[in-house]
Amino acid sequence: MAVRRTSVEDPVAEQQEQAAEDAMMTRIGQAVMLHHGGDREEAQGRFLGLWSEIGEEGDPLHRCTLAHYMADTQEDPSDELAWDLRALSAADELTDERLHEHHDSIAVRGFYPSLHLNLAADYAKLGRPEAARNHIRRARGAVGALGDDGYGDGIRAAIGRLEMRLGEGSEVE
């Protein structure tokens, strides 16, 4: 069972409309809509173009958001892992102050359950159960940062499903 992310479950995507003053976030959001509309190839091309504009040392919010969504467009699990690792690395550089410039009701710590869940799923796909278990434990340890809402419930449920799949005696597909 694959972990699926939707814009409804993602606090960054939920806030796209409120961040019109951040043109890069708006452009990332447009590419996300293309992907969710079924145009993976066009979305991937736009993400790559935006990534070249942002650069490896660019705004951590932009890098985290773009890499998070770019991972979803990948067919190869190794490529998906590479983008999810970029998202985690950018989140580690992100501050609440920068995030609050985008939207004041979310905190960086709220990104980690999803980021680690995605990495656990990537490692599971790659047949690396110990790495997957490490990240699923980190995701579970970070869920306290999530609210009691649809997003938080969805992440907690996905963590539970992957925990069961990775549980003792389970085989990783």
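A salt bridge is a side-chain nitrogen of Lys or Arg within 4 Å of a carboxyl oxygen of Asp or Glu. Keep that in mind, everyone, while we look at this predicted model, where local features need pLDDT of at least 70, side-chain atom pairs count only at pLDDT 80 or more, and totals for chains, interfaces and linings use all residues. Residues are numbered from 1 along each chain as its sequence is written, and side-chain values use heavy atoms, with hydrogens and water left out.

Let's begin with confidence. The pLDDT, the predictor's confidence in each residue from 0 to 100, has a mean of 87 for the protein, and 83% of the residues reach 70 or more. Over residues 16–20, though, pLDDT is below 50. Where pLDDT is low, the predicted coordinates should not be read in detail.

Now find Asp122 in helix 7, residues 112–125; helices here are DSSP runs (H or I, at least four residues), numbered from the N terminus. Is Asp122 buried or exposed? Asp122 is buried, meaning under 20% relative accessible area with a 1.4 Å probe, protein chains only. Asp122 has no salt bridge, and the nearest side chain of opposite charge, Lys125, is 4.4 Å away. Beyond four places in sequence, Asp122 is in contact (heavy atoms within 4.5 Å) with Glu80, Leu81 and Asp84.

Next, helix 4, residues 60–72. Of its 13 residues, 12 are buried, including Leu61, Cys64 and Tyr69. At its start, a side-chain oxygen of Asp59 comes within 2.8 Å of the backbone nitrogen of Leu61.

Terms used: Helices (H or I, at least four residues) and strands (E, at least two) are DSSP runs, numbered from the N terminus. Buried means under 20% relative accessible area, exposed over 50%, partly exposed in between (1.4 Å probe, protein chains only). Lys and Arg count as positive and Asp and Glu as negative; His and the chain ends are not counted. The expected span of a helix is 1.5 Å times one less than its number of residues. A polar contact is a pair of N or O atoms within 3.5 Å; within protein, one must be able to donate a hydrogen and the other to accept it, and residues adjacent in sequence count only if both atoms are side-chain atoms.
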